Amino acid sequence: MSGKFITFEGPEGAGKTTIIQMLEQSLKKIGYPVLLTREPGGIKIAEEIRHIILNPENTEMDPRTEALLYAAARRQHLTERVIPALSEGQIILCDRFLDSSLAYQGFARGLGMKEVYQINEFAINGTMPHLTFYLDIDPEIGLKRITQNREREVNRLDLEKLDFHYKVREGYLTLLEMFPERIHLIDASKSADEVYEEIYNKVKMYLFSRE
Ligand code: TYD
């Protein structure tokens, strides 16, 4: 079987990380080779770029610089990790990808989705996810979840005003309309078990239908 590239998207506090970990365990149990990774990062160069982008002290970061740095980190992560794993036939579960840049930088920061897509086209050079889950949650509830979860670091983008996070959500909802085949909407206000169950069933159906 050829590899599959599955990405997870959503505003802060939607619970992506928990769900992806649960999914990784279940898919491994039924015998799939799974690679869990995340953006921006997962490998040394991209983690270093991530550190620059998310450092709360970097208040002078220009929005276009931010978009370019995400695209650069994405490129490195793709060539070093995602593409080799795909050619080995692995199932890649990736926490955030291109849609994050389109929603955060393109829509919420106002750089334009088309413009941000263009710089990312150069970075991804044709590698798109086969399947994407968008975990939807009211940003206010999402941010409350984060502050309750002390293990999770607070980053520069968490500190944006609530208004920014509402725009991020609007950006994602626009993407859902643009890519209805690829992006699946998941109601992340439900319990982690329910959200996991729904995604696990969808992933299994997708994988079985392509074997
Ligand atoms: P992270 O700690 O991974 O947050 P989360 O647990 O919510 O995924 O931090 C990633 C942050 O970077 C998050 O605020 C979203 C943002 N981001 C962008 O703005 N653009 C991007 O292209 C990516 C990949 C992430």
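Is Ile-199 buried or exposed? Ile-199 is buried, with a relative accessible area of 0%; buried means under 20% relative accessible area, exposed over 50%, and partly exposed in between, with a 1.4 Å probe and protein chains only. The model is predicted, so local features need pLDDT of at least 70 and side-chain atom pairs count only at pLDDT 80 or more, whereas totals for chains, interfaces and linings use all residues. Residues are numbered from 1 along each chain as its sequence is written, and side-chain values use heavy atoms, with hydrogens and water left out.

**Surroundings of Ile-199**

- Ile-199 belongs to helix H8 (residues 192-209); helices (H or I, at least four residues) and strands (E, at least two) are DSSP runs numbered from the N terminus.
- Not counting residues up to four places away in sequence, Ile-199 touches Phe-8, Ile-19, Leu-23, Phe-133, Leu-135 and Ile-186, where contact means heavy atoms within 4.5 Å.
- Phe-133 is 66 residues from Ile-199 in sequence, yet the C-alpha to C-alpha separation is 7.8 Å.

**Helix H2**

- The buried residues of H2 (residues 44-54) are Ala-46, Ile-49, Arg-50, Ile-53 and Leu-54.
- They lie on the same side of H2 because they cover an arc of only 120° around the axis, the arc being that of the directions from the helix axis to the C-beta atoms.
- An α-helix has 3.6 residues a turn, so residues three or four places apart point the same way.
- Strand S2 (34-38) and helix H3 (63-87) are what the buried residues of H2 pack against.
- Exposed Lys-44 and His-51 sit on the face of H2 turned away from its buried side.

**Ligand site**

- Among the 16 residues around the ligand, those that come nearest are Lys-16, Tyr-70, Arg-96, Ser-101 and Gln-105; a residue is near if one of its heavy atoms lies within 4 Å of the molecule.
- The protein covers 96% of the 540 Å² of accessible area that the ligand has on its own, by the Shrake-Rupley method with a 1.4 Å probe.
- H2, H3 and helix H4 (98-108) are the elements that give two or more residues to the shell, and H4 provides the largest share, four residues.
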